[in-house]
Amino acid sequence: MESNKIEVVKMTSKYCDFEHECIVIDGIPLDIYLLRLYPENNFEGLVPTIVDWVSHEKDSAFVLSRHRSSKAFVRLPLLMCPDDCDVWCTLLIADVEMDGTTVYWHRIGIDQTTAEELTADYELIGNRVEWLNKVAAMSFSQKKYDAEMQKLWCQ
């Protein structure tokens, strides 16, 4: 599998007229990439789960724990709604595998965790996901991936 290029760059998005970190895959902002595959969904304008933006301390700690996880497999919160900036609204998840040299995003989907479930346990995030089957699997150099994704949680 040929590696994809991942960057976290500052740019504006549909609902944020000021520059903020955006995940860019092969030169295309991730929200726009998803919009092109699923024009009927409201993916345009979703923002990365930037830890400093996540509105609740418990949400922020959870997102950071997933970003910093040393597990080989993790369901990583990637994009969130810019209105509330929390894990309770629209939350896109990547099914991530890391082998030490390469990071694989096997699939991306919409988290289906209910508010009642979140109240009980944040670890349920990623357990029930509506997978977006049109999204191709992606792979990244672990070194480049770590350097770029760190921009979302080290501000």
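**Pocket.** I began with the lining of the largest pocket: α2, β5, β6 and α4 each give at least two residues to it. I keep in mind that this is a predicted model. Which element gives the largest share of the lining? That is α4, with 3 residues. I then looked up the volume of the largest pocket and got about 160 Å³. The lining has 13 residues, and H67, R68, M98, Y145 and D146 are the closest to the pocket centre. By class, I noted 7 nonpolar, 3 polar and 3 charged residues in the lining.

**Helix α2.** Next I took α2, which spans residues 57-67. Which of its residues are buried? My list reads D59, S60, F62, V63, L64, R66 and H67. H67 also turned up above, among the residues closest to the pocket centre. I jotted down a reminder for reading such lists: an α-helix has 3.6 residues a turn, so residues three or four places apart point the same way. What do the buried residues of α2 pack against? I found β5 (73-80) and α4 (142-149). Both of those elements also supply at least two residues each to the pocket lining.

**Strand β5.** I moved on to β5 itself. 6 of its 8 residues are buried, so the strand is largely enclosed by the rest of the structure. Then I checked its neighbours in turn. β4 (residues 47-48) is joined to β5 by 2 bridges, and the two run antiparallel. On that side, P48 has L79 of β5 as its bridge partner. How many bridges join β5 to β6 (residues 91-98)? I count 7, and this pair is antiparallel. Here I noted L76 standing opposite A94 of β6. One more reminder to myself: in a regular strand the side chains alternate between the two faces of the sheet.

**V135.** V135 sits between β8 (129-131) and β9 (138-141). Is V135 buried or exposed? Its relative accessible area is 7%; the cut-off for buried is under 20%, so V135 counts as buried. I then asked which residues V135 touches, leaving aside those up to four places away in sequence. The answer is Y33, L34, L37, Y38 and I108.

Definitions and conventions: Residues numbered from 1 in each chain as written. Predicted model: local features only at pLDDT ≥ 70, side-chain atom pairs only at ≥ 80, totals over all residues. Heavy atoms only, no water. Helix = DSSP H or I, 4+ residues; strand = E, 2+ residues; numbered from the N terminus. Buried < 20%, exposed > 50% of the residue type's maximum accessible area, 1.4 Å probe, protein only. Contact = heavy atoms within 4.5 Å. Pairing = 2+ DSSP bridges. 1 Å grid on protein atoms, 1.4 Å probe; cavity = no way out; pocket = protein on both sides within 12 Å on 5 of 7 lines; lining within 4 Å. Points joined across faces, edges and corners; volume = space filled by probe spheres on them. Nonpolar A, V, L, I, M, F, W, Y, C, P; charged D, E, K, R; others polar.
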